[in-house]
Amino acid sequence: MTVDFLQLSVSGPLQSAARLLTGALGFRALPAFSASRHWLDTFDWRLLRRGEALESESDSDDCRLFWYRPAEGRVLRRLTLSESPRFARALPPGPVREALEPVTEERALLPRASCRCRVVPFERIDANGKVVLRAALETWRLLDDRGRPRGRPWYWLRLYPVKGYRRVLGHTRAALEASNLFEWRTDHPLEPLLARLGRTPCDYSPRLRVAFEPGLQAGAAVRRLLLHLLEMLERNVEGSCADTDPEFLHDLRVSVRRTRTALGQLGGVLPRRGFARFRNGFAWLGQVTSPTRDLDVYLLKFEGYRDSLPPEQRPHLAPLRDFLAAHQRLEQQRLARVLRSQRFRRLVADWRAWLETEPARPPAEARQPVETLAAARIRHMYKRVRREGRAICGDSPAEALHELRKSCKKLRYLLEFFQCLYPAKKYRRLVKALKGLQDNLGDFQDLEVQGHTLERFAGEMQAEGEVPAATLEAIAHLVENLHHRQALARREFHARFSGFDSESNRRLFRSLFREEAHKPS
């Protein structure tokens, strides 16, 4: 297999490695340089999970991005910039942005490990003066969160083959292996770096993964679930306060919604004492985090809004973006105060203590197997979704679709909570069918809300100062587009619901949730 680069750790003295390169292997050393190197990834480790690494190497002149797959020795992209990017969307238009932005989406590129590096480049020249192989002997000084050196230096050699000179590469590889000075490395560089820092890679994912052993009592299972959701919420507080990227607040709010659904649908297995306080506390948390998230969403959708207008109207929508950005900054400040408040800290601390305390007198329902609880609650919510969906006709009000959307979301969460109890393939099939319906209902509801909210924003903009008439016309045109798309979503509803309510899906629901216990396949 053709490779773009090879990486080796130096297990012997660095001076011996350098002498081997310039002596027996015929390399010549080029001027050394020092740089700061950061391994970038998103908070949820999207690149590492794909087996990819993104290095940002900066010196006094520029910043060099190096995106690669270490296990394959394959370089995906290279790019030279003036500074390290915070988001993929901040990259200049071109192949790197086009490839990276769909992976990271709205997540920030965070330095997951950092080093101070000294790099000595090498070249091997043939008799004709052509470069036939490049190399770099590197010294890495791992840095902690405060930028202080951590541990002993780490020495690495990277080889960069030149097309058409595979025999030279083969000869060099054999000599390096025979020297016993090097160890071939195909692992991800973040893994040993994080190990030295005492951190765990891929320690966060927004996907819900909670395991329940067969026969576990329902009360213990629900408390375990709620503790997992609390940990997800807590992991996103700092990023939400700092507005690192909009997905921190999104994931925090998902944890809140899942918690509220669990309290509403599974609360019968929890102690009554203190229950109402926490139910009200999470309702408050959902309410106070909503304005910031709403404005985040409108800012994320702004380019799509603008591009949906005729070209001559697009520039006139700029005052709307300014309005959204200004109000988002104000709401973000309020959000940070809430998440740093004593009320929030007390809610989280008391909630954890309540969940970790074994109830002295648990409700009778708490002693049933988790399989029994899961099947009963999913069956109940599935029947509600079918009943509400079948009652919707051509002249049903928008509120009927909104109520169905909420029921679908509760069913989706219940399926996610207990997915480990059911065969993975069948579970995914059900979720796929439900998601198709949810997407349609979500589009219908969101488009209605967006239209009304944009009209309200136009009024607020006028109240705050003079607004160009062309801007108001552009917003009105945008609202008209949203209403048109909402009507299309409404017309698609019956086809989407029929797909979800098909006979094959009904049989699958009956087979999965009729019995009390299932083992995942």
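## A walk across the domain 2–domain 3 interface

Ten residue pairs are in polar contact between domain 2 and domain 3, both residues of each pair being at pLDDT 80 or more; a polar contact is a pair of N or O atoms within 3.5 Å, where within protein one must be able to donate a hydrogen and the other to accept it, and residues adjacent in sequence count only if both atoms are side-chain atoms. What you have open is a predicted model, where local features need pLDDT of at least 70, side-chain atom pairs count only at pLDDT 80 or more, and totals for chains, interfaces and linings use all residues. Residues are numbered from 1 along each chain as its sequence is written, and side-chain values use heavy atoms, with hydrogens and water left out.

**Colour the domains.** Across the boundary, 29 residues of domain 2 are in contact with 28 of domain 3 (contact: heavy atoms within 4.5 Å). The two domains bury about 2500 Å² between them, 70% of it on carbon and sulfur atoms; that is the accessible area (1.4 Å probe) the two parts lose on being put together, summed over both.

**Select Arg258 and Glu416.** These two form a salt bridge, with the closest N and O atoms 3.3 Å apart (the cut-off: a side-chain nitrogen of Lys or Arg within 4 Å of a carboxyl oxygen of Asp or Glu). The count of salt bridges between domain 2 and domain 3 is one.

**Now show helix 8, residues 246–266.** On the side of domain 2 that touches domain 3, helix 8 gives the largest share, seven residues. Helices here are DSSP runs (H or I, at least four residues), numbered from the N terminus. Helix 8 has 21 residues and spans 30 Å from first C-alpha to last, close to the 30 Å expected at 1.5 Å a residue (1.5 Å times one less than the number of residues). Of its 21 residues, 17 are buried, so helix 8 is largely enclosed by the rest of the structure; buried means under 20% relative accessible area (1.4 Å probe, protein chains only). Zoom in on its start: a side-chain oxygen of Asp245 comes to within 2.9 Å of the backbone nitrogen of Glu247.

**Last stop: Arg46.** Find Arg46 in helix 2 (residues 46–49). Arg46 is buried, at 18% relative accessible area. Its side chain makes a polar contact with the side chain of Asp44 (3.0 Å), and a polar atom of the Arg46 side chain lies 3.2 Å from the backbone oxygen of Val103.

Terms used: Helix = DSSP H or I, 4+ residues; strand = E, 2+ residues; numbered from the N terminus. Buried < 20%, exposed > 50% of the residue type's maximum accessible area, 1.4 Å probe, protein only.
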